Amino acid sequence: MLDRVFRIGLLFDFYGALLTDKQQYCLEMHFLRDLSLSEIADELSVSRQAVHDISRRAEQILEEYEAKLKLVERYQRERNLLGEIYSLINSLPPEAAELPQIHLTLEKLEQLLD
């Protein structure tokens, strides 16, 4: 479940602006603010089933965008590579780590990984 919530959150970060306002609202309330479908339905004055349908359709749309654009996949691949590069540089002998260029490179990599 947590993996699903994390994935929807990540997809929402990348593609959420491409959803309708109601789809954005439903996903944000359900996954990011952890409201139940009933609570969201009450706020929108619609049925719980309507909120469920809107949320499912929004999730499907996000997955379709990712299947076509692969931005999240690329982001995760790049973060992994940056982490590997950081580890490789950080494992250099201590005298190499004293070089200002190495120190600056590690700082910049840390900023990218934060």
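Modeller: One term to begin with: a residue is buried under 20% relative accessible area, exposed over 50%, and partly exposed in between. Also, this is a predicted model.
Biologist: OK. Is E59 buried or exposed?
Modeller: E59 is buried, because its relative accessible area is 10%.
Biologist: Which residue does E59 form a salt bridge with?
Modeller: R56, and the closest N and O atoms are 3.5 Å apart. Both residues lie in helix α4, 3 residues apart, which is about one turn of the helix. R56 is partly exposed, with a relative accessible area of 42%.
Biologist: How many salt bridges does the count come to?
Modeller: The count is 7. Among them is the pair R57 and E64, at 3.9 Å from N to O. Shared partners also join R4, R56 and E59 into one network.
Biologist: What about R33?
Modeller: R33 forms a salt bridge with E28, with 3.1 Å between the closest N and O atoms. R33 counts as exposed because its relative accessible area is 53%, whereas E28 is partly exposed at 26%.
Biologist: Switching topic. Which residues make up the largest nonpolar core?
Modeller: That core has 12 residues, including F12, F31 and I61. Helices α1, α2 and α4 each give two or more residues to this core, and α1 gives the most, with 5.
Biologist: And the surface?
Modeller: D34, E39, D42 and E43 gather there in a patch of negative charge. F14, L69, L71 and Y75 form a nonpolar surface patch, with about 340 Å² of accessible area together.

Terms used. Residues are numbered from 1 along each chain as its sequence is written. This is a predicted model: local features need pLDDT of at least 70, side-chain atom pairs count only at pLDDT 80 or more; totals for chains, interfaces and linings use all residues. Side-chain values use heavy atoms; hydrogens and water are left out. Patches are made of residues with over 30% relative accessible area and no salt bridge: like charges are joined within 9 Å, nonpolar side chains (Val, Leu, Ile, Met, Phe, Trp, Tyr) within 5 Å. Accessible areas come from the Shrake-Rupley method with a 1.4 Å probe; for residues, only the protein chains shown count as cover. A salt bridge is a side-chain nitrogen of Lys or Arg within 4 Å of a carboxyl oxygen of Asp or Glu. Lys and Arg count as positive and Asp and Glu as negative; His and the chain ends are not counted. The place of a charge is taken as NZ of Lys, CZ of Arg, CG of Asp or CD of Glu. A nonpolar core is a set of buried Ala, Val, Leu, Ile, Met, Phe, Trp, Tyr and Cys residues joined through side-chain atoms within 4.5 Å. Buried means under 20% relative accessible area, exposed over 50%, partly exposed in between (1.4 Å probe, protein chains only). Helices (H or I, at least four residues) and strands (E, at least two) are DSSP runs, numbered from the N terminus.
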